[in-house]
Amino acid sequence: MTVGIAEFNRRAVPGLEALTKLLVGGAADHAPAPENRRPFQVGWGLVAALHRQAAAVVTLHSKGLGHEAAPNRRLMIEYVAHLQWLVRDGEDAVDSMNKAHQFKHAGLRKVADDGGYKYDPEAADAVRDAVIPSNPANQYLQMNALAKSLGGGLFESYVGETQLSHATLTAAGCFYRESDDTIELSLTPTYGIDGDPMEASPYMAFFFLFFGMIAFNDLMVGPPWTNDLKAIGDAAGLAGAI
């Protein structure tokens, strides 16, 4: 039997609730030793942010704004990709993220200098002068390269959401239709296909949070969430995902 979007969305509600309970259940008790903690620490920041983006997607959908949740869904894909990167490359991934931070911080400092803004130069100097070793993981600093390397449809999903996350002709074209003699203008988006693909937003929020938490589970000592995640995935139609 084919499961429709409405049923997937119905399953997403208890799924999101169950995932939230895991997140507030004491992850710090499963942190690695201090000398091995960097991927875990960064991973927690990413998965906590991922959880809030899931809440934003569901809230926007409930207000009839699933189309406008595209930037949030896109950001969820970025968080999932970076969590999976931490699992795969560990300390090297953290060093690469730090290198990216250093580069972007230099750009921010230049903008602040050019605009005459005040800031703490000692802190800015510390970021600038930090010595961060290069490693092969630096090739994944661009999201496209990272998503392609991870597979699992992340790149394709990312590219798709990007079309509606910026001021593109794709985004603009959702609000008008024209024929030989007439033009139809709308304040609500249409896609020229049967149905509304944005109706799946709640399940998409669950889907990306679920896979992000699978990754974070692997950053904890003794992956404590394995059995719970398996049960949550099975109930939501993701049997075999873990």
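**Close-up views of a predicted protein chain**

**View 1. Charge and overall make-up of the protein chain.** The protein chain carries 19 positive and 28 negative side chains, with the centres of the two sets 4 Å apart. Lys and Arg are counted as positive and Asp and Glu as negative, while His and the chain ends are not counted; a charge is placed at NZ of Lys, CZ of Arg, CG of Asp or CD of Glu. The model is predicted, so local features need pLDDT of at least 70 and side-chain atom pairs pLDDT 80 or more, whereas totals for chains, interfaces and linings use all residues. Residues are numbered from 1 along each chain as its sequence is written, and side-chain values use heavy atoms, with hydrogens and water left out.

**View 2. Fold and surface of the protein chain.** Nine helices and two strands are present, in the order α-α-α-α-α-α-α-β-β-α-α from the N terminus. Helices (H or I, at least four residues) and strands (E, at least two) are DSSP runs, numbered from the N terminus. Along the principal axes, the C-alpha atoms fill a box of roughly 60 × 50 × 30 Å. Of the 242 residues, 36% are buried (under 20% relative accessible area; exposed is over 50% and partly exposed in between, with a 1.4 Å probe and protein chains only). Among contacts with a separation of 6 or more, 69% join residues 24 or more positions apart, a contact being heavy atoms within 4.5 Å.

**View 3. The largest pocket and His82.** The largest pocket has a volume of about 490 Å³. Its lining holds 18 residues, and His82, Met97, Ala100, His101 and Lys104 are the closest to its centre. A pocket is an open set of points on a 1 Å grid over the protein atoms alone, where a 1.4 Å probe fits, with protein on both sides within 12 Å along at least five of seven lines; lining residues have an atom within 4 Å of a point. Grid points are joined across faces, edges and corners, and the volume is the space filled by probe spheres set on the points. Helix H3 gives the most to this lining, with twelve residues, and helix H2 (38-62) supplies at least two. His82 belongs to helix H3 (residues 70-115). His82 counts as buried because its relative accessibility is 19%. Beyond its neighbours within four places in sequence, His82 contacts Leu46, Met97, Met143 and Leu146.

**View 4. Ala137 in the loop between helices H4 and H5.** Ala137 sits between helix H4 (121-129) and helix H5 (143-150). With 5% relative accessibility, Ala137 counts as buried. Residues up to four places away in sequence aside, Ala137 touches Trp85, Asp89, Asp92, Ala93 and Ser96. Met97 is 40 residues from Ala137 in sequence and 9.4 Å away, C-alpha to C-alpha.

**View 5. Lys148 in helix H5.** Lys148 is placed in helix H5 and is exposed, at 55% relative accessible area. Between the C-alpha atoms of Lys148 and Lys110 there are 32 Å, for a sequence separation of 38 residues.

**View 6. His61 in helix H2.** His61 is part of helix H2. Neighbours within four places in sequence aside, its contacts are Gly66, Met198, Glu199, Ser201 and Pro202. His61 and Ala137 lie 36 Å apart, C-alpha to C-alpha, and 76 residues apart in sequence.
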